[in-house]
Amino acid sequence: MNPLIFTTILMTVLLGTMIVMMSSHWLMIWIGFEMNLLAIIPILMKKYNPRTMEASTKYFLTQATASMLLMMAIIINLMHSGQWTITKVFNPTASIIMTSALAMKLGLTPFHFWVPEVTQGISLTSGLILLTWQKLAPMSILYQISPSINLNILLTMAVLSILVGGWGGLNQTQLRKIMAYSSIAHMGWMTAVLVYNPTLTMLNMLIYIMMTLTMFMLFIHSSSTTTLSLSHTWNKTPLTTTLILITLLSMGGLPPLSGFMPKWMIIQELTKNNSIILPTLMAIMALLNLYFYMRLTYSTSLTMFPSTNNMKMKWQFETKRITLLPPLIVMSSLLLPLTPMLSILD
Amino acid sequence: MMTYIVFILSVIFVVSFVGFSSKPSPIYGGLVLIVSGGVGCGIIMNFGGSFLGLMVFLIYLGGMLVVFGYTTAMATEQYPEVWVSNTTVMGVFLLGLLMEVMLVLYVLKSEEVGVVFKFSGVGDWAIYDTGDSGVFSEEIMGVAALYSYGVWVVIVTGWSLLVGVLVILEVTRGD
């Protein structure tokens with residue numbers, strides 16, 4: 001793609017999300033979502049093969065439907081409150097429709113079916129943008145309408161997402177699909193605590209984005225998209241195997257790594273609100289996530305399966321230099337001792 | 001009939017929308033789009049919005065749809081699909097028509113429609129009458145306000161359209 005056009009379109013994706021996060025008028029928010037969707041389609045289709053086109057079409061259809069539902073919720077809100085300012089949505093019908101629309105944009109169950117298929121069909125860098133940057137805009141709107149969200153619907157979607165994200169990722173060997181199911185599960189954790197303490201949603205989003213960025217960059221660095229290919233990184237860059245181990249365990253939520261911080265805070269917040277069964281279930285279902293992360297680390301860092309000699313060589317192009325990778329790795333694994341600093345967030 | 005003119009126009013509006021969203025060939029879709037544009041213009045004019053209705057006719061039908069018609073005529077196939085040629089298209093069209101007929105009967109029977117929310121007619125654009133500068137209408141003031149208070153909307157919309165063109169060119173360019 002022409003570099004100038006590519007830069008323009010990438011900047012428009014950023015502009016779309018910025019407009020969504022900054023606007024106080026519901027119509028501008030809708031325009032921001034549409035701008036974001038329109039501009040990310042050519043980024044998803046950077047390589048011209050039928051898989052990417054199919055993936056971009058699926059993404060476009062689901063997100064456009066979600067935008068239509070969002071517009072309907074905005075208009076119902078307008079009819080009942082007479083104003084376009086972003087506040088909590090007072091009418092319950094509009095609130096439910098808006099929550100469903102934003103859940104479709106995020107990839108929560110029962111609207112999660114597009115996430116693995118779209119993530120698998122596009123390149124690793126596009127998948128990175130899809131799973132991290134595109135979650136910011138809907139989450140910011142959910143944050144702003146959080147006082148009025150129907151608790152039953154959101155908690156049902158969250159718990160089902162954690163279950164689907166964990167269970168669905170069990171049978172996958174393709175790394176992009178694994179990351180997609182991991183995204184579904186993390187979105188479930190984020191929206192579970194949204195009604196109780198929205199600050200923790202933002203904390204979880206921040207740490208999730210860091211960890212997902214790290215994982216994707218490690219995959220890009222070793223040019224691997226399958227588990228088998230990832231298990232050959234000991235040959236190319238042995239250090240990366242340890243880093244993959246640490247980051248994956250952090251994603252699984254193990255202390256003393258920083259991925260434990262959001263889960264700990266969320267469970268604590270939920271128990272403060274007298275719901276005990278819910279965080280227990282969520283923690284148990286997060287074990288499913290941990291299982292397939294562990295399987296990745298087992299084949300990548302912990303063991304070297306017996307193989308013939310030609311399998312031991314990994315074909316590589318020139319090593320990509322990813323400048324942001326070391327600080328990201330440090331941040332996605334060592335942030336746990338900073339947890340007392342969360343008291344400033346009030 | 002004149003008391004129900006908006007209702008009749010809105011029924012024709014929805015029927016033509018069903019007509020093109022059941023996806024016949026683009027030429028026939030453009031045909032019902034012209035009908036729906038004209039009828040939509042009539043609806044807006046019935047609420048007192050003469051300026052916006054004329055905008056629809058001039059810019060939408062006379063500008064954008066003409067360009068669309070020419071490009072579709074260049075790219076059309078030998079036997080374009082009509083509503084009755086393909087079972088799927090006809091089925092979707094009839095389904096849409098059936099839903100519209102049911103809605104029309106529901107509206108005619110009761111005073112207000114209460115499916116998801118209660119909806120009992122809309123108001124017109126207000127007309128202000130100040131003493132010195134005469135009568136001016138809310139609708140045309142809204143268009144003026146778009147360019148004064150709403151500069152940001154113009155910028156964002158203009159940028160979206162430009163990026164839309166870039167995206168479409170990029171997507172259809174191929175390798």
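In chain B of this predicted model, confidence is lowest in strand β2 (residues 118–119), at a mean of 60. Confidence in chain B is highest in helix α6 (residues 151–173), at 93. Where pLDDT is low, the predicted coordinates should not be read in detail. Averaged over chain B, the pLDDT is 85. A score of at least 70 is reached by 87% of the chain B residues. The model as a whole has an ipTM of 0.86 and a pTM of 0.90.

The UniProt record for chain B is an unreviewed entry. Under "transmembrane region", the entry lists residues 5–21, 27–44, 51–71, 83–108 and 146–169. Two of these spans were examined in the model. Residues 5–21 of chain B are 100% helix and 0% strand. The end C-alpha atoms of residues 5–21 are 24 Å apart. Residues 27–44 of chain B are likewise 100% helix and 0% strand. For residues 27–44, the end C-alpha atoms are 26 Å apart.

Chain A also has an unreviewed UniProt entry. Its "transmembrane region" annotations cover residues 26–45, 57–76, 96–115, 151–171, 202–220, 241–261, 276–294 and 322–345. Residues 202–220 of chain A are 100% helix and 0% strand in the model. Their end C-alpha atoms lie 27 Å apart. Residues 96–115 of chain A are 65% helix and 0% strand. The end C-alpha atoms of residues 96–115 lie 22 Å apart.

The annotation "NADH:quinone oxidoreductase/Mrp antiporter transmembrane" (unreviewed entry) covers residues 23–285. Over residues 23–285, chain A is 75% helix and 0% strand. The ends of this span, taken at their C-alpha atoms, are 37 Å apart. UniProt places "NADH dehydrogenase subunit 2 C-terminal" (unreviewed entry) at residues 290–342 of chain A. Residues 290–342 are 38% helix and 0% strand, with end C-alpha atoms 25 Å apart.

Helix packing in chain A was examined next. Two packed helices are described by the angle between their axes and the distance between the axes. Helix α3 (residues 50–81) of chain A packs against helix α4 (residues 92–106) of chain A at about 160°, and the axes are 8 Å apart. Because angles over 145 degrees count as roughly antiparallel, α3(A) is roughly antiparallel to α4(A). The crossing of α3(A) past α4(A) is left-handed. On the α3(A) side, the residues in contact include Thr62(A), Gln63(A), Leu69(A), Leu70(A), Ile74(A) and Asn77(A). On the α4(A) side they include Thr93(A), Ile97(A), Met98(A), Met104(A) and Lys105(A). By class, the contact of α3(A) with α4(A) has eleven nonpolar, six polar and one charged residues.

Helix α2 (residues 26–44) of chain A packs against helix α6 (residues 124–132) of chain A at an angle of about 155°. Their axes are 9 Å apart. The two helices, α2(A) and α6(A), are therefore roughly antiparallel to each other. Ile40(A), Ile43(A) and Leu44(A) of α2(A) make the contact with Ser126(A), Ile129(A) and Leu130(A) of α6(A). The residues of the contact of α2(A) with α6(A) comprise five nonpolar, one polar and no charged.

Helix α9 (residues 175–192) of chain A packs with α14(A) at about 40°, with the axes 10 Å apart. That angle makes α9(A) oblique to α14(A). The crossing of α9(A) past α14(A) is left-handed. His186(A), Trp189(A) and Ala192(A) of α9(A) meet Lys263(A), Ile266(A), Ile267(A) and Leu270(A) of α14(A). The residues of the contact of α9(A) with α14(A) divide into five nonpolar, one polar and one charged.

Most residues other than glycine have a negative phi, and most peptide bonds are trans. The peptide bond from Thr109(A) to Pro110(A) is cis, with omega near 0°. Pro110(A) sits in the loop between α4 and α5 (114–121) of chain A. The bond from Pro255(A) to Pro256(A) is also a cis peptide bond, with omega near 0°. Pro256(A) is in the loop between α13 (238–252) and α14 (260–272) of chain A. Ser223(A) is not a glycine, yet has a positive phi of about 50°. Ser223(A) lies in the loop between α10 (198–221) and α11 (227–230) of chain A.

Terms used: Residues numbered from 1 in each chain as written. Chains lettered and ligands numbered in written order. Predicted model: local features only at pLDDT ≥ 70, side-chain atom pairs only at ≥ 80, totals over all residues. Heavy atoms only, no water. UniProt positions renumbered as here; feature names shortened; annotations may be inferred. Helix = DSSP H or I, 4+ residues; strand = E, 2+ residues; numbered from the N terminus. pLDDT = per-residue confidence, 0-100. Axes fitted to C-alpha atoms, helices over the stretch in contact; angles between N-to-C directions. Parallel < 35°, antiparallel > 145°, perpendicular 65-115°, else oblique. Left-handed = near helix turned anticlockwise from the far one by under 90°. Contact = heavy atoms within 4.5 Å. Nonpolar A, V, L, I, M, F, W, Y, C, P; charged D, E, K, R; others polar.
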